[in-house]
Amino acid sequence: MKKVLKRLGVVMVCGAMLTTMMAGCGSASSSAAGSTAGSTAGSTASGDREFEGVKLVYWSNWEATEPQGVVITEAVKAFEEETGAEVDLQFKGRKGIKEGLIPALDADQQVDMFDGAQNKSNYGDRILCLEDLVAENDYEKDTNPVMMELSRSYYEDGKLYEIPYQMKANGYMYNKGLFEQAGITEVPSTWDEFLTVCQTLKDAGITPLTTDDAYAMQAFGMHLARLIGDEEVKDVVNNGGWDRPEVLETAQAFEELASKGYFSTQVGSNVWPTGQNTELATGKAAMYCVGTYVVNETKGITGPDFQWGFFGYPELPDGINGLEAMVIGNQSFAITNKCENPEAAFALITMLTRGEWDAKLSEESLALPADINNTSWPEQLMDAKPYMDNCTEIFATSGGLENNPDITPALKENLMKLYAGTCTAEEFVTNMLAASKG
Amino acid sequence: MKRNRSMIIAFAGPATIFFLATFIYPIFRTLVMSFFSIQEITDPISKWKFNGIGNYVSLLQTPLYVTSWINLFKIFVIGGCITLGVSLLLAVILKSGVHGKGFFQAAIYLPNVISAVAMATMWIQYVFNSSYGFLTTFFRALHLDFLANIQWLDADHKFWALLLSYCFGMIGHFMLIWVSGIERISPDFYEAASIDGAGKVSQFFRITLPLLRGIFRTNIIMWSISVSGFFIWSKLFSPISADTSTVVPMIYMYDKLFGAENTGDVVRDAGSAAAIGVMLCLFIVIVFTIVNKLIKNDDLEF
């Protein structure tokens with residue numbers, strides 16, 4: 001009898017443990033099943049509203065408290081009321097998308113759509129081709145054609161897999177108040193004019209330039225891309241072509257800026273976001289080569305009265321391209337291959353990138369609108385509009401200079417030294433040759 | 001006591017299976033993955049391409065990866081000497097009957113209860129900043145301009161700034177372990193030594209240090225585990241993209257696994273990331289073996 005009781009005890013203990021473990025696993029699978037069931041129901045249900053009964057799971061790379069997160073939350077609510085769809089909006093943050101989305105999709109977790117940084121080519125067949133949806137909805141006509149071309153350029157088949165929004169342009173963001181104080185009335189469009197502006201600012205007791213380590217590649221990359229084009233810049237960083245004369249020429253241009261005292265004295269130690277927050281946004285330095293997103297990033301420091309200006313990277317006397325070539329980028333939406341109602345997901349994307357909600361996103365996050373019919377750009381970014389409108393050639397990020405992550409750290413270190421005046425152009429070239437050869 | 005085998009199996013079985021599934025299996029899978037070309041960590045095995053020791057060779061030929069190990073060794077050796085040395089000194093001082101022992105112990109341990117993110121931000125913005133940071137204003141007030149003008153976060157000083165702030169945060173943790181070790185030593189030894197005329201320094205080298213041998217071994221292993229997982233401090237000192245002076249293998253692994261920022265074309269390489277994981281694991285095993293060989297614990301009884 002004792003033995004039987006003992007065995008019964010063993011069985012009960014094992015059973016209890018197994019039940020606990022199974023219960024832990026069960027909750028996840030049941031929620032996924034529920035989500036799929038909802039999606040399936042949506043495709044068959046019919047109601048007054050277009051997507052009654054459809055459930056979408058939307059992972060966003062914003063935080064709920066960011067301006068973009070706040071507007072997207074409101075827009076999703078409006079979408080639910082208007083269409084009858086139920087949207088499970090989850091703010092995952094940049095890291096959440098970067099680290100968690102592909103594993104989630106590979107584990108068959110239901111995620112119908114997501115947003116995040118441009119170029120989602122690494123998602124492979126996990127995201128849907130959107131050409132048919134774009135054509136059926138006549139979507140393309142209202143987006144800047146250059147942006148659509150850029151979005152297609154990431155994919156080998158040249159088709160569209162992501163919808164751009166939250167556009168940004170890169171060039172020199174500057175403080176109009178300081179320009180006025182120095183008596184500068186026109187922004188520079190050539191390198192000589194740029195040097196004159198720097199000198200005028202310096203003569204007025206204003207520090208012309210600053211940057212941060214994270215964005216140090218932008219000015220140098222665009223300068224080099226003006227001379228040789230971004231594809232050749234990529235070749236330099238990927239194949240160690242640092243001994244090209246154009247690299248030395250670019251380094252000499254920045255050596256000159258440093259030697260004339262145009263850079264902030266603390267530029268060498270600016271760990272992002274120190275330069276943009278404590279020098280540019282506080283009016284200690286006048287210009288910073290960066291994207292238009294800096295306006296949103298620093299608005300808590302600058303306040304509403306800061307007068308922002310923008311000009312494209314100056315043209316060079318021996319350059320092969322001009323102001324029509326620039327770095328433009330965006331965030332983008334994509335629909336996953338788990339989505340059973342791509343039409344509903346696309347309708348939500350359309351709502352967020354067109355008309356009222358696109359304008360609101362642009363206004364609240366101080367970004368460029370996706371809808372070309374939204375002509376009322378944030379005042380702080382109005383200067384970027386003519387450059388964007390006339391852009392016919394898009395440079396890769398930092399003119400292609402950040403294309404090799406194995407060389408970027410050495411490049412960043414040597415560029416900061418170059419800007420701080422603690423290394424010459426020749427030393428820069430030597431250091432980069434050494435770094436690429438190991 | 002009579003052993004009940006079935007009861008042992010019932011209680012130990014699920015835990016053992018759970019341990020094998022969540023600990024041993026990932027280690028084994030990582031080891032296997034390190035010999036394959038794999039893009040995503042979740043790629044099915046059918047997508048894996050056998051690469052032999054290719055991942056290891058290509059990593060060791062990459063200057064940035066080699067730099068990351070050099071930085072790690074510097075943190076391990078120099079940081080280890082600073083952290084273990086200063087924490088031992090503080091532990092001995094605290095155990096020598098100094099007034100306000102409780103307060104100092106809590107104050108020195110305090111950085112450990114503050115988030116590393118907050119600590120690193122404090123160091124970067126309020127200590128090392130070259131226009132309004134503490135070091136700049138302090139040295140300027142003393143008219144030591146050559147010290148005030150040092151740019152602590154530029155390429156030449158960033159590693160040392162990082163090391164100093166990391167060690168500052170770790171000292172309290174190791175100090176507590178030293179304190180617990182010193183508390184195990186009977187006061188009778190010190191009393192007898194004092195009667196025999198031994199001074200405090202002599203007592204430290206002839207009694208405290210030899211009897212702390214086991215704790216010393218534990219601390220070195222704990223330090224090597226902490227250092228091999230060095231990530232967040234490096235990330236905060238070089239946000240967005242890695243930096244030659246602060247890059248460590250974990251940062252390099254993260255960028256390989258999830259893709260570096262701002263590259264345009266995102267390249268992910270889970271196979272190489274697994275190889276880095278294996279090398280980090282080997283690092284700890286090697287340190288553990290060497291320490292166990294060099295420092296014997298079982299020849300003293302007290």
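**Note on the predicted two-chain model**

1. Confidence. Chain A has a mean pLDDT of 89, and 89% of its residues reach 70 or more; pLDDT is the predictor's confidence in each residue, from 0 to 100. Over residues 10-46 of chain A the pLDDT is below 50, and beyond near neighbours in sequence this stretch has 30 contacts in the model. Two residues are in contact if their C-beta atoms, placed from the backbone, lie within 7 Å.

2. Conventions. The model is predicted: local features need pLDDT of at least 70, side-chain atom pairs count only at pLDDT 80 or more, and totals for chains, interfaces and linings use all residues. Residues are numbered from 1 along each chain as its sequence is written, while chains are lettered from A and ligands numbered from 1 in the order in which they are written.

3. Domains of chain A. The domain assignment, automatic or from a database, gives domain 1 (33-168 + 330-381) and domain 2 (170-328 + 389-437). Taken over C-alpha atoms, the centres of domain 1 and domain 2 of chain A are 33 Å apart. Contacts join 11 residues of domain 1 of chain A to 12 residues of domain 2 of chain A. On the domain 1 side, α5 (145-153) and β4 (163-175) of chain A each supply at least two residues. Helices (H or I, at least four residues) and strands (E, at least two) are DSSP runs, numbered from the N terminus. That side of domain 1 divides into eight nonpolar, two polar and one charged residue. Here Ala, Val, Leu, Ile, Met, Phe, Trp, Tyr, Cys and Pro count as nonpolar, Asp, Glu, Lys and Arg as charged, and the others, Gly among them, as polar.

4. Nonpolar cores. A nonpolar core is a set of buried Ala, Val, Leu, Ile, Met, Phe, Trp, Tyr and Cys residues joined through C-beta atoms within 7 Å. Of the 128 residues in the largest one, Leu56(A), Met113(A), Ala345(A), Leu348(A) and Tyr419(A) touch the most other members. Helix α8 (residues 216-228) of chain A gives the largest share of this core, nine residues. Both domain 1 and domain 2 of chain A contribute residues, so this core lies between them. Not counting residues up to four places away in sequence, Leu348(A) touches Leu56(A), Phe79(A) and Val87(A). A second, separate core of 55 residues includes Phe36(B), Leu72(B), Ala91(B) and Ala270(B).

5. Backbone points to check. Most residues other than glycine have a negative phi, and most peptide bonds are trans. The peptide bond from Trp272(A) to Pro273(A) is cis, with omega near 5 degrees, and Pro273(A) sits in the loop between α10 (245-259) and α11 (274-280) of chain A. Phi is positive, near 50 degrees, at Asp138(A) and also near 50 degrees at Ser398(A). Asp138(A) counts as exposed, with 8 C-beta neighbours inside 10 Å, whereas Ser398(A) counts as buried, with 29. A residue is buried if 20 or more other C-beta atoms lie within 10 Å of its own, exposed if 12 or fewer, and partly exposed in between, with C-beta atoms placed from the backbone.

6. Chain B and its interface. Chain B has 14 helices and two strands, and 31% of its 302 residues count as buried. In contact across the interface are 39 residues of chain B and 39 residues of chain A. On the chain B side, α1 (5-33), α3 (63-94) and α13 (249-258) each supply at least two residues. The largest share, four residues, comes from α1(B).
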